[in-house]
Amino acid sequence: MGDATLLRQELRHLLRRVADALGRAGRSVLTADKYEHYLKYHASTGCEHPPMTEAEFWRDYHAWQDDNPQGRCC
Amino acid sequence: MSTSYGPPSPGGAGEPTPAGPFTGTTTATAGDRPPAALDPEVLEREDRRWTPGKIALWVAIALVGALGWFMLAIARGEAVNAIWFVFAAVATYLIAYRFYSKFIENRLVRPDDTRATPAEYKANGKDFMPTDRRVLYGHHFAAIAGAGPLVGPVLAAQMGYLPGTIWIIVGVILAGAVQDYLVLFFSMRRGGRSLGQMAREDLGVVGGTAAIVATLAIMIIITAILALVVVNALGESPWGVFSVAMTIPIALFMGVYLRYLRPGKVMEVSVIGFALLMLAIIAGGWVAENAAWAEVFTLERTTIAWGIIIYGFVAAILPVWLLLAPRDYLSTFMKIGVIGLLAIAIVVVRPEVTAPAVDVFASRSDGPVFPGSLFPFLFVTIACGALSGFHALISSGTTPKLLEKERQARFIGYGGMLMESFVAIMALVAAVTIDRGLYFAMNSSAAVTQGTVEGAAAFVNSLGLTGVNADPAMLQATAEAVGEESVVSRTGGAPTLAVGLANILAQLFGGGGMMSFWYHFAIMFEALFILTAVDAGTRVARFMLSDSLGNVFPKFKDTSWRVGAWLTTAIMVAGWGAILYMGVTDPLGGINTLFPLFGIANQLLAAIALAVCLTIAAKRGSFQYLWIIALPLAFVTVITVYGSILKIFSPVPAVGYWAQNSAFRAAKASGAETFGTARTPEAIDAVIRNTFIQGSLSILFVVLAVIVIVTALLRTAQAFAHRGDPEHPSRHDTEDPYRPAEMYAPAGLVASPPEKELQRQWAEYHRAHPRPRRHSHG
C-alpha cells in the first residue's frame with residue numbers, strides 16, 4: 001500500500017519532469033524564450049541602463065526583423 | 001535546456017590579437033578561467049577509445065542497416081515493408097555521421113574551440129546570440145526543411161522506390177550534408193557572411209556577381225514553383241481553399257494577441273493558433289458539404305494564382321509582427337509535431353510498399369509524372385533531401401551567427417541535413433505505399449487524363465504497367481474518402497503525399513472515417529510551409545535586389561525608403577508571379593515541365609556553394625582532402641549541366657524546351673488550330689511563349705553557374721600552384737581574425753564524460769565570478 005503510493009508519487013514526479021523538459025524544449029525551438037536570453041545577455045554586457053520590458057523587447061526585435069529578413073527554405 | 005554561455009566579449013576594437021598560449025589549440029587559460037576547449041589529446045583519446053560495448057553497438061547498427069538495404073534492394077518476392085526504409089536510412093545516417101563527418105571534421109574542417117565564434121564575439125541579443133546546440137538544431141532544421149523534401153520524392157516515385165531511396169541516402173551523406181556543413185563552418189569563420197558575400201571575397205568580382213545574380217534568379221524560380229504546388233493542391237478544392245485561407249486571419253489574430261494582449265507569450269498563442277487551425281480544417285469539411293459555401297470556395301487555378309501573388313506582395317510589405325512571425329510559429333509548431341508524428345506512424349503502422357523497386361520509367365524518358373531519363377533527371381527531381389543549394393542561404397548568414405562553439409558545426413550542419421533527408425525518405429514511403437494506379441492517375445497532367453476518372457483510368461491502363469490497374473470507381477471512391485470532388489491530375493506532389501499521409505495516419509488515429517481530415521491536414525501542413533517560404537523568400541530577395549540596385553542608385557540602400565521597398569518587392573513578386581501564372585495556364589500541364597527547372601536551379605545553387613567551399617578549402621591549403629568537396633561538386637556539375645543541355649538541346653519535344661518551342665512554332669506556321677495537347681490557337685501561342693521563357697531561364701542558370709564554377713576552379717588552381725607559399729596573394733585568407741573564446745559548450749547531442757567535466761568547471765567558474773562587469777554599449 002505504502003509502496004504503491006510512493007511509486008505513484010515517483011511516477012507523477014517523473015512525468016512532470018518530462019513534461020517540463022518537453023515544454024522548455026518546445027519553447028526554445030519556437031524561440032519563445034528569446035526575452036529570457038536577452039535578459040541574460042543584457043546582464044552579461046554590464047550595461048548601466050535597465051533592460052527593456054518584455055513588450056518593448058518584442059517590438060524592438062520585430063522592428064529589427066523588418067529590416068533583416070531571415071530566409072526560410074523550400 | 002540551459003544555454004551554457006559565458007560573458008560575450010565586447011567584440012572587436014579593444015581586443016588585442018592573441019599571441020603565445022592562445023595561438024595553438026592548447027588548454028592555456030587567462031587567470032583561473034577554465035580552458036575554452038577540450039585538450040586535443042583528450043579528444044583524440046575519446047575518439048579512438050573502442051570499448052567492447054562501443055564496438056558491439058556499431059556492429060549492431062551496421063547489421064540493422066545492412067538488413068534494411070538487403071530487404072529493399074535484393075530480397076524479392078514478398079511485398080516490401082516500409083519499416084525497412086527506416087532501418088536502412090537511420091543506420092546509414094548514424095554510420096555516416098559518426099565516421100564520414102568525423103573524418104571531414106578532422107581532416108578538412110579542423111575546428112578550433114579555443115577560437116570564439118561570431119555568436120560570442122559579436123553578440124547583440126538579436127541575430128548574433130550563442131544558442132544551445134540542441135535548440136539550434138531545431139531552429140536550423142525548421143529553417144532548411146519545408147515543402148521541398150516532401151514534393152521531390154513523390155514525383156521521383158514514378159521510377160520505383162529504389163532509385164530515389166539510394167539517391168536520397170547516398171546523396172545526403174556525400175553531397176548535401178557535406179555542403180551544409182562546410183558552408184556553415186566557412187561562413188562562421190567569416191562572421192556569418194552570406195554565400196554571395198563569400199563568393200565576392202573569395203572568387204572576385206566576376207564570380208561573385210554571377211553568384212549573386214544566379215542566387216536571385218534561382219530564388220525567383222523556386223518561389224514560383226513552390227507557389228505552383230500550392231495552387232495545384234487547392235484548385236477546385238473548396239475544403240482546401242477555405243482551411244488554407246483561414247491561416248491568414250488566424251496568423252493576424254496571433255500577431256495582434258502577441259503585440260497588444262500578451263506580449264511574449266509565444267507558446268500560449270501557438271497552442272491557441274494550432275487549435276484554431278484544427279478548427280479551420282474541420283470547418284473546411286462543413287464548407288465542402290454545403291453546396292452554397294462550396295461554390296464560393298471552389299476557385300479556378302488562375303484565381304488562386306492571383307490570390308497568392310497579391311498575398312505574396314502584401315505579406316512581404318506588412319510588418320513582420322503582424323503576419324510573418326506568428327505564421328512562422330505555427331509553421332514550426334506543425335513541422336516538428338507532424339514530422340515526429342509521421343515517423344511514429346510509419347514505425348507503428350508499417351505500411352506495405354506497392355511500387356516496384358525499379359519501375360519501367362527508370363529506363364525511359366517518357367514518364368507521365370515528369371519527362372526525362374533517370375540520369376540526370378532523378379537527381380534534379382529530388383533536390384531537397386539529398387542535396388539542396390538553397391540551404392547554403394540558411395547555412396550562411398543565419399545559423400552561423402548562433403553557434404556557441406566551432407565543433408558544433410558538424411552536429412548542426414551535417415546532422416541537420418541528415419534529418420531533412422529522413423523527411424524525404426518518409427515522403428517517399430508515403431508515395432510508394434499508395435495504390436500504383438491511383439499514383440499515376442493523380443500525377444499525370446490533365447492534358448492526358450482529360451481530368452475525368454474515365455480518362456485517367458484509360459490513360460493509366462494504356463501505360464501497360466504490370467500489375468497496375470486504375471478503375472474509375474476506385475478513383476471516385478478515393479476522392480470521396482478524402483472529401484474532394486476529384487483526385488485525377490492533382491499534380492505537384494502535395495495531394496499525393498496528402499493521400500499517402502492520410503492512409504498512414506488514419507490507420508493510427510481515427511480509421512477510414514478520418515481520411516478526409518488527415519488529407520486536408522496534410523494539405524494545410526504543406527501550404528503553411530510554402531506560404532512561409534514564399535513571403536520570407538520574397539523579403540530576402542527584395543533586400544538582395546535593393547542591395548544590388550543600391551550600387552547603381554544609392555537611394556535603394558536606404559531600407560527605410562518605403563517607395564523603394566515597395567518597388568523592389570513588386571519586382572520580385574512580378575518575377576515569380578509571372579512564372580507561376582505561366583505554370584498554371586500551361587497547356588502542357590505546368591508542374592511536369594517546370595519541376596525539372598526547379599531542381600536544376602536548386603542544384604546549380606548547390607554547385608555554386610560547393611565551388612565557393614572548394615576555393616576556400618584550397619586557400620586554406622587542404623589540397624590532400626579537396627576530393628571531399630570535389631566529388632559532390634563534380635557530380636552535381638555533371639548532373640545540372642547535362643540536365644540543362646538536355647533541356648536546351650534535346651530533340652525530344654517532351655524533354656527539350658526549344659524542341660517543343662520549334663515544334664509548336666512549326667505547327668502555328670502551318671496554320672494548325674490544335675497541336676498535341678494544345679487544343680486552341682491561343683494554347684499553341686502559350687506553349688511557344690512558355691517554352692521560350694523556360695528555355696531562356698535554363699540557359700541563364702547554366703551560364704551563370706558555369707562562370708562561378710570556372711572561376712572557382714581557376715582560383716583553386718592558383719592556390720595549388722602556390723601550395724608551398726601560404727603568404728602568396730592567391731592563398732589570401734578571408735577569415736575574421738582569431739579571438740580567444742571565453743566560453744565552453746559540448747559539441748554533439750550528448751556530452752561525453754570529458755565534456756561534462758569541462759562544463760562542470762565552467763559552471764563552477766561562473767558561480768565564483770557572477771555577473772562579470774564589462775564596459776560595453778549593450
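**View 1. The loop around B:Q450, between two helices of chain B.** In this predicted model, B:Q450 sits in the loop that runs from α18 (446–449) to α19 (453–462) of chain B. What is the phi of B:Q450? It is positive, about 60°, even though B:Q450 is not a glycine. The residue counts as partly exposed because 14 other C-beta atoms lie within 10 Å, and a buried residue would need 20 or more.

**View 2. A:T31, in the loop between α1 and α2 of chain A.** Here's another residue other than glycine with a positive phi: for A:T31 the value is near 65°. Is A:T31 buried or exposed? It counts as buried, because it has 20 C-beta neighbours inside 10 Å. In the domain assignment of chain A, domain 1 covers 1–32 and domain 2 covers 33–68, and A:T31 belongs to the loop between α1 and α2.

**View 3. Chain A by itself, a chain of three helices.** Chain A has zero strands, and from the N terminus on its elements simply run α-α-α. How far apart are the centres of domain 1 and domain 2 of chain A? Taken over C-alpha atoms, 30 Å separate them. The C-alpha trace of chain A spans about 60 × 45 × 20 Å along its principal axes. A compact globule of 74 residues would have a radius of gyration near 11 Å, but chain A comes out at 20 Å. As for burial, 26% of the 74 residues in chain A are buried.

**View 4. Where chain A touches chain B.** On this interface, 35 residues of chain A are in contact with 55 residues of chain B. Which elements of chain A give two or more residues to the side that touches chain B? They are α1 (2–29), α2 (34–45) and α3 (54–67). Of these, α3(A) gives the most, with nine residues. Sorted by class, the side of chain A that touches chain B has 16 nonpolar, 13 polar and six charged residues.

**View 5. Helix α5 of chain B, residues 133–144.** Let's check its length first. How many of the twelve residues of α5(B) are buried? Eleven are, so the helix is largely enclosed by the rest of the structure. Among the buried residues are B:R133, B:Y137, B:H139, B:H140 and B:F141, along with B:V135, B:L136 and B:I144.

**View 6. A cis peptide bond between B:F375 and B:P376.** What is omega at the bond that joins B:F375 and B:P376? It is about 10°, and the bond is cis. B:P376 lies in helix α14 of chain B, which covers residues 374–381.

**View 7. B:L631, in helix α25 of chain B.** This helix runs over residues 627–649. B:L631 counts as partly exposed because it has 14 C-beta neighbours inside 10 Å. How far is B:L631 from B:L610? The two are 21 residues apart in sequence and 9.9 Å apart in space, going from C-alpha to C-alpha.

How values were computed
Residues numbered from 1 in each chain as written. Chains lettered and ligands numbered in written order. Predicted model: local features only at pLDDT ≥ 70, side-chain atom pairs only at ≥ 80, totals over all residues. Helix = DSSP H or I, 4+ residues; strand = E, 2+ residues; numbered from the N terminus. Expected span 1.5 Å × (residues − 1). Domains from an automatic or database assignment. Contact = placed C-beta atoms within 7 Å. Nonpolar A, V, L, I, M, F, W, Y, C, P; charged D, E, K, R; others polar. Rg over C-alpha atoms; globule rule 2.2 N^0.38 Å.
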